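Take a moment to look over the sequence and the fold. A guided walk follows, from single strands up to the meeting of the chains.

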2 protein chains.
Amino acid sequence: MNKPLGKHLILDLWGEVASFPFWSMDAAAEMFVEAAKDAGATVLTQRWHHFGDGHGYTGVVVLAESHISVHTWPEKGYAAIDAFYCGVCDPESSLPTMLDFYKPIKHKVLFIQRGEPLI
Amino acid sequence: MNKPLGKHLILDLWGEVASFPFWSMDAAAEMFVEAAKDAGATVLTQRWHHFGDGHGYTGVVVLAESHISVHTWPEKGYAAIDAFYCGVCDPESSLPTMLDFYKPIKHKVLFIQRGEPLI
């Protein structure tokens, strides 16, 4: 049976404005490596960029199984996370580590199948 | 009025198995810079990884306005693209350049609003 090639987690988080996890890029970088490991994914490389005092960060973790990305707006208490894994890795396995780190007041989870066979 | 912080294009492409654009990582890297410019987005850095002969590539373009990512499976004739732009940049403006490059037989477009105000 042909299965989709990948599963994509789209995660929106809202938390306390200016709370720690929305600012701390280095801690987030460590957390996302753990979150990737939780799903059995392999980190190839990463790119992180902080937009300066009072602003958020962007991070991209390139995986052998696709990628994780995060963008934060501390001033809005918002973070947008994507975790796209192909193969047997399931981004749902990474979700607890991400939620435990950001401790959102509210979050929204959406899963999308990517790469369904062309009919 | 509070608006969502970003707009996220989720683009799935199916094309000729083993056709040029699914293999050529360098050409894709140039094209995505153009696609970002089409939307008025600013490229900060990029990461590209080729999985070797017979396999596809992964690319991530980190933008001042969030990111673009692409993953290709040439053996399946499939590519998964995400373009997530915040602010006034609209990923719909990048779509023609991407479609003109990959020339898919079939494609699927989904737009998601990211970062709606917490109610």
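The paragraphs below go through the sheet, the helices, one glycine and the contact between the chains.

Keep in mind that this is a predicted model. Start with the sheet of chain A. The sheet is open and has 6 strands. Their order is β2-β3-β4-β5-β1-β6, and the pairing is antiparallel. β2 (43-50) and β6 of chain A stand at the edges. Each has a single partner strand, so one side of each is left without a neighbour in the sheet. From one strand to the next, the twist averages 10°.

A:V61 stands opposite A:I68 in β4(A). The two strands form a hairpin, with 2 residues between β3(A) and β4(A). On to the next pairing. Strand β4 (residues 66-73) of chain A is joined to strand β5 (residues 78-86) of chain A by 8 bridges, again running antiparallel. A:I68 has A:A83 as its bridge partner in β5(A). For A:H71, the bridge partner in β5(A) is A:A80. β4(A) and β5(A) also form a hairpin, this one with 4 residues between them. In its turn, A:G77 has a positive phi of about 65°.

How many residues of β4(A) are buried? The count is 8 of the 8, so β4(A) is largely enclosed by the rest of the structure.

Helices lie on this sheet. Helix α2 (residues 25-38) of chain A lies across β2, β3 (57-63) and β4 of chain A. Its direction runs at about 25° to β3(A). Helix α3 (residues 95-102) of chain A packs on the sheet too, touching β1 (6-14), β5 and β6 of chain A. The direction of α3 in chain A makes about 15° with that of β1(A).

Turn to chain B for a look at how two helices meet. Two packed helices are described by the angle between their axes and the distance between the axes. The axes of helix α2 (residues 25-38) of chain B and helix α3 (residues 95-102) of chain B come within 8 Å and cross at roughly 155°. An angle over 145 degrees counts as roughly antiparallel. That makes α2(B) roughly antiparallel to α3(B). From α2(B) come B:M31, B:E34, B:A35 and B:D38. They meet B:T97, B:M98 and B:F101 in α3(B). By class, the residues of this contact are 4 nonpolar, 1 polar and 2 charged.

Stay in chain B and find β5(B). Its partners include β1(B), joined to β5(B) by 9 bridges in an antiparallel run. There, B:L13 has B:A79 as its bridge partner in β5(B). β4(B) also pairs with β5(B), in the antiparallel sense, over 8 bridges. B:W73 stands opposite B:Y78 in β5(B). The hairpin of β4(B) and β5(B) has 4 residues between the strands, and B:G77 in the turn has a positive phi of about 65°.

Are the faces of β5(B) covered or open? Both are covered. B:Y78, B:A80, B:D82, B:F84 and B:C86 are buried on one side, and B:A79, B:I81, B:A83 and B:Y85 are buried on the other. In all, 9 of the 9 residues of β5(B) are buried, so this strand is largely enclosed by the rest of the structure.

One glycine leads from chain to chain. A:G115 lies in the segment after β6 (106-114) of chain A. Is A:G115 buried or exposed? It counts as buried, with 22 C-beta neighbours inside 10 Å. The cut-off for buried is 20 or more. A:G115 touches A:P4, A:L5 and A:G6 in its own chain, and B:D12, B:W73, B:Y78 and B:A80 across in chain B. A:G115 and A:K7 are 108 residues apart in sequence, yet 8.7 Å apart in space, C-alpha to C-alpha.

Finally, step back to both chains. The contact takes 26 residues from chain A and 26 residues from chain B. On the side of chain B, β1, β2, β3, β4, β5 and β6 each supply at least two residues. β4(B) gives the most, with 5 residues. By class, that side has 11 nonpolar, 9 polar and 6 charged residues.

How do the copies relate?

Note on methods. Residues are numbered from 1 along each chain as its sequence is written. Chains are lettered from A and ligands numbered from 1 in the order in which they are written. This is a predicted model: local features need pLDDT of at least 70, side-chain atom pairs count only at pLDDT 80 or more; totals for chains, interfaces and linings use all residues. Two residues are in contact if their C-beta atoms, placed from the backbone, lie within 7 Å. Ala, Val, Leu, Ile, Met, Phe, Trp, Tyr, Cys and Pro count as nonpolar, Asp, Glu, Lys and Arg as charged, and the others, Gly among them, as polar. Axes are lines fitted to C-alpha atoms, for helices over the stretch in contact, and angles run from 0 to 180 degrees between N-to-C directions. Angles under 35 degrees count as roughly parallel, over 145 as roughly antiparallel, 65 to 115 as roughly perpendicular and the rest as oblique. A residue is buried if 20 or more other C-beta atoms lie within 10 Å of its own, exposed if 12 or fewer, and partly exposed in between; C-beta atoms are placed from the backbone. Two strands pair if DSSP finds at least two bridges between them. Lists of a residue's contacts leave out its neighbours within four places in sequence.
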